[in-house]
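Dear colleague,

I am handing over the structure below, followed by notes on what was found in it. Please read the notes with the coordinates open beside them.

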Amino acid sequence: MLPEQISVFDILKIGVGPSSSHTLGPWRAAQRFVKDLQEKGKLNQINSIHVNLYGSLAKTGIGHGTDIAIMLGLSGFDPVTMKINQINPVIESIKKDKKINLHHQQLIDFNYAKDIEFLKQESLPYHPNALTFIVVMATAEVYQETYYSVGGGFIQKEGEEALTSGKAATPKYETQTATHLLEACKKANKNISSIVLENEKCWNTEQAINEKLLQIWQVMIDCIYKGCHEEGILPGGLLVNRRAAAINKRLLSGKNYEDQTGWIAAIKENGNGFQYTLNWVSCFALAVNEENASFGRVVTAPTNGSAGVIPAVLMYYIVFCNGQNNSKIIQFLLTAAQIGSIFKQGATLSAAMGGCQAEIGVSSAMAAAGLTEVLGGSPEQCLMAAEIAMEHHLGLTCDPIGGLVQVPCIERNTMGAIKAITAAQLALQSEPSKAKVSLDSVVKTMWETALDMNSKYKETSEGGLAVNIPISLSDC
């Protein structure tokens with residue numbers, strides 16, 4: 001069987017919070033479903049539509065905005081381009097009018113309370129994140145399809161292979177495992193980012209790749225900046241206070257600035273000690289995931305729940321390591337994405353399959369490798385950094401309180417970022433040939449741990465902190 005062809009832009013995707021598997025994936029599935037119906041000439045024949053949610057999507061779907069994502073996807077909105085301030089008005093209109101305009105073309109009756117069904121006691125065998133679309137045509141014909149949201153925004157239609165954004169092509173180098181990647185680096189005498197770039201060229205030109213990666217970074221830094229200047233309570237009912245803005249204000253001690261450039265300069269001018277740097281890394285990560293929890297624009301990296309790790313570490317490099325250089329930013333993201341691809345192919349990016357080790361653990365490994373390369377590390381040291389970062393996330397459970405991507409999810413991004421930096425520093429001071437554990441061994445161990453993990457610790461809100469912290473939400 002040929003290895004799955006995964007593009008950098010399958011791993012790093014622009015979207016909307018709060019969850020890649022529970023928001024972005026179902027959104028993409030709904031888009032795909034109505035688009036397929038349109039292409040088959042059936043869209044204008046639809047009388048009604050009903051959506052069944054199973055497993056983890058049913059149990060934590062409300063807190064993750066799964067219902068909202070499905071309605072937006074069915075309506076024809078795209079998570080990359082939709083204006084965030086449009087989301088609430090569109091959803092309120094659907095609920096109030098009890099109508100939905102499929103793909104902006106076919107207005108039909110739609111009762112939100114009845115037509116999206118959360119089947120909390122039912123699961124489908126292939127994957128815990130499953131949803132089925134059922135439509136009744138004007139002819140009374142019933143048409144249905146089932147999709148799986150398999151983690152990181154990837155979706156898979158029942159009976160088909162996993163869907164990726166990469167076109168059919170054959171990359172130049174085989175890189176589905178760390179062993180393959182290292183062999184390619186040695187044979188070509190190139191670093192990891194150069195190998196990934198060559199592979200990516202089978203889908204895009206180098207100029208297009210660089211432009212898209214810099215666009216991704218711009219979304220990341222926009223998210224950090226916005227999150228560092230937004231105050232208030234996060235939505236969802238847990239009454240979690242945003243903290244990034246208060247930390248930002250306290251660390252800058254009243255310094256004035258007008259834009260992102262001035263803000264970065266102010267951060268640099270105000271200090272560079274260990275505690276100061278540590279506080280900023282945490283602030284950057286908090287900012288992103290507070291935005292994610294507020295249905296903000298984020299980059300899935302490799303998931304929404306772990307979206308703050310890579311931006312925080314890359315921002316650390318830019319601010320505290322004098323890394324404000326487009327070529328280095330591109331290098332970092334290419335390397336990080338390749339590590340995410342290795343975990344996608346050898347294990348999982350889905351917390352519903354593997355717990356939070358599949359999200360924060362993978363993002364920390366990605367960030368560690370990216371940072372190591374831009375700091376001058378060898379391919380061996382990059383892989384060692386990724387291994388160290390994941391090794392110390394093995395077994396991490398996913399237990400979101402109230403089914404919301406807030407507690408403990410937001411703080412976990414700060415931990416993942418700090419571990420990534422530590423892993424990079426350790427790898428840069430080490431001799432990889434003497435390491436006892438390889439990245440491939442850690443990927444294999446992570447997957448075995450995922451299979452052994454009790455299902456209540458896999459994004460169900462039925463175990464861990466989710467059942468030990470008293471809350472008064474009506475539903476999760």
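For residues 7-159, UniProt lists "domain: Serine dehydratase beta chain" in an unreviewed entry; UniProt positions are given in the numbering used here, feature names are shortened, and annotations may be inferred rather than shown by experiment. The end C-alpha atoms of residues 7-159 lie 22 Å apart, and the span is 39% helix and 31% strand, where helices (H or I, at least four residues) and strands (E, at least two) are DSSP runs numbered from the N terminus.

This is a predicted model, in which local features need pLDDT of at least 70 and side-chain atom pairs count only at pLDDT 80 or more, while totals for chains, interfaces and linings use all residues. Residues are numbered from 1 along each chain as its sequence is written, and side-chain values use heavy atoms, with hydrogens and water left out.

Aromatic rings

Rings of Phe, Tyr and Trp (its six-membered ring) pair if their centres lie within 6.5 Å, and planes under 30 degrees apart count as stacked, over 60 as edge-to-face and the rest as tilted. By this rule the count comes to 11 aromatic pairs. Phe-33 and Phe-133 are stacked, because their ring centres are 4.8 Å apart and their planes are at 15 degrees. This pair links distant parts of the chain, with Phe-33 in helix α2 (residues 20-39) and Phe-133 in strand β6 (residues 129-137), 100 residues apart. Phe-33 is buried at 0% relative accessibility, and Phe-133 is buried with a relative accessible area of 0%; buried means under 20% relative accessible area, exposed over 50%, and partly exposed in between (1.4 Å probe, protein chains only).

Tyr-276 and Phe-320 form an edge-to-face pair, 6.2 Å centre to centre with 85 degrees between the planes. Tyr-276 lies in helix α12 (residues 274-293) and Phe-320 in helix α13 (residues 309-320), so the pair ties together parts that are 44 residues apart in sequence. Tyr-276 is buried at 11%, and Phe-320 also counts as buried, at 19% relative accessibility. Both belong to a cluster in which ring pairs link Tyr-225, Trp-263, Tyr-276, Trp-280, Phe-284, Tyr-316 and Phe-320.

Charges over rings

A charge sits over a ring if NZ of Lys or CZ of Arg is within 6 Å of the ring centre and within 35 degrees of the ring normal. The charged end of Lys-95 sits over the ring of Tyr-112, 4.4 Å from its centre, and that of Lys-344 sits over the ring of Phe-154, 4.6 Å from its centre.

Salt bridges

With a salt bridge taken as a side-chain nitrogen of Lys or Arg within 4 Å of a carboxyl oxygen of Asp or Glu, a search of the whole structure finds 20 salt bridges. One of them joins the side chains of Glu-145 and Lys-40 (3.9 Å, N to O), linking strand β7 (residues 142-151), which holds Glu-145, to the loop between α2 and β2 (46-54), which holds Lys-40, 105 residues apart. Glu-145 is buried at 8% relative accessible area, whereas Lys-40 is partly exposed at 47%.

Another salt bridge connects Glu-411 with Arg-243, the closest N and O atoms being 2.8 Å apart. Here Glu-411 is in helix α18 (residues 409-428) and Arg-243 in the loop between α9 (206-227) and α10 (244-252), 168 residues apart. Glu-411 is partly exposed at 41% relative accessibility, and Arg-243 is partly exposed at 37%.

Best regards
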